[in-house]
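This report describes a single protein chain.

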Amino acid sequence: METAADATELRPSPPQKPPRKRHRGVLKYPVVRQLIRFTGVGVVCTASSLAIYALLRPWIDPQLANAVALILTSLMNTALNRRLTFKITGRKKRTQDHLNGVILIGIALVITGGSLGVLHLFRPEATVTEELWTTTLSGFVATAVRFTLLRHWIFRRARHV
């Protein structure tokens, strides 16, 4: 027969998942949290891209310098966004994610390279500083396109983290 003491005895509870972190205010929306993380990754990658461009530009054509800088930093960008922005850590689909990221590189090259082409069409004597401003501003457009495609196409499986 069970006594009152036995009925109230503490028994180990089954293992539970850790409680989900509850965010408040605008942080309760996954897209806001992703945009914040995406911005951090973007700042690092943009600074790296501008530095590579500025280092290469005295020796090579602006379009080639832009392409090299974008390709190198886009590979880093895809890896960082996969891990930090969308919280994907496993190896599953990593290769496919990077292959899809190559398409994003192409889109970014069209946007930034096109802006350089327009700059040189109207100002053939443009300075490296003007080229950097042009690629930076067009890079903002490319970044908006990149986030949208990462969130809704490449990493849609992790859209709500």
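The largest pocket of this predicted model holds about 520 Å³ of space. A pocket is an open set of points on a 1 Å grid over the protein atoms alone, where a 1.4 Å probe fits and protein lies on both sides within 12 Å along at least five of seven lines; lining residues have an atom within 4 Å of a point. Grid points are joined across faces, edges and corners, and the volume is the space filled by probe spheres set on the points. The largest pocket is lined by 27 residues, of which Thr46, Leu70, Gly139, Ala142 and Thr143 are the closest to its centre. Two or more lining residues are given by each of helix 2 (30–56), helix 3 (62–85), helix 4 (94–122) and helix 5 (128–154); helix 2 supplies the largest share, nine residues. By type, the lining comprises 13 nonpolar residues, 13 polar residues and one charged residue. Here Ala, Val, Leu, Ile, Met, Phe, Trp, Tyr, Cys and Pro count as nonpolar, Asp, Glu, Lys and Arg as charged, and the others, Gly among them, as polar.

Residues are numbered from 1 along each chain as its sequence is written. Local features need pLDDT of at least 70 and side-chain atom pairs count only at pLDDT 80 or more, whereas totals for chains, interfaces and linings use all residues; side-chain values use heavy atoms, with hydrogens and water left out.

The largest nonpolar core consists of nine residues: Phe38, Phe86, Ile88, Leu104, Phe147, Leu150, Ile154, Phe155 and Ala158. Such a core is a set of buried Ala, Val, Leu, Ile, Met, Phe, Trp, Tyr and Cys residues joined through side-chain atoms within 4.5 Å, where buried means under 20% relative accessible area, exposed over 50% and partly exposed in between (1.4 Å probe, protein chains only). Helix 5 contributes the largest share of this core, three residues. A second, separate core has six residues, among them Tyr53, Ala69, Leu119 and Ala126.

Tyr53 belongs to helix 2 and is buried, because its relative accessible area is 2%. Beyond its neighbours within four places in sequence, Tyr53 is in contact (heavy atoms within 4.5 Å) with Pro62, Ala65, Asn66, Ala69, Leu116, Val128, Glu131 and Leu132. Glu131, in helix 5, counts as buried because its relative accessibility is 0%. With residues up to four places away in sequence not counted, Glu131 touches Tyr53, Arg57, Pro62, Leu116, Leu119, His120 and Ala126.

Most residues other than glycine have a negative phi.

The protein has five helices and zero strands; helices (H or I, at least four residues) and strands (E, at least two) are DSSP runs, numbered from the N terminus. Of its 161 residues, 31% count as buried. Among contacts with a separation of 6 or more, 70% join residues 24 or more positions apart.

The average pLDDT, the predictor's confidence in each residue from 0 to 100, is 84, and 85% of the residues score at least 70. Confidence is highest in helix 2, at a mean of 91, and lowest in helix 1 (residues 4–7), at 53. Where pLDDT is low, the predicted coordinates should not be read in detail.
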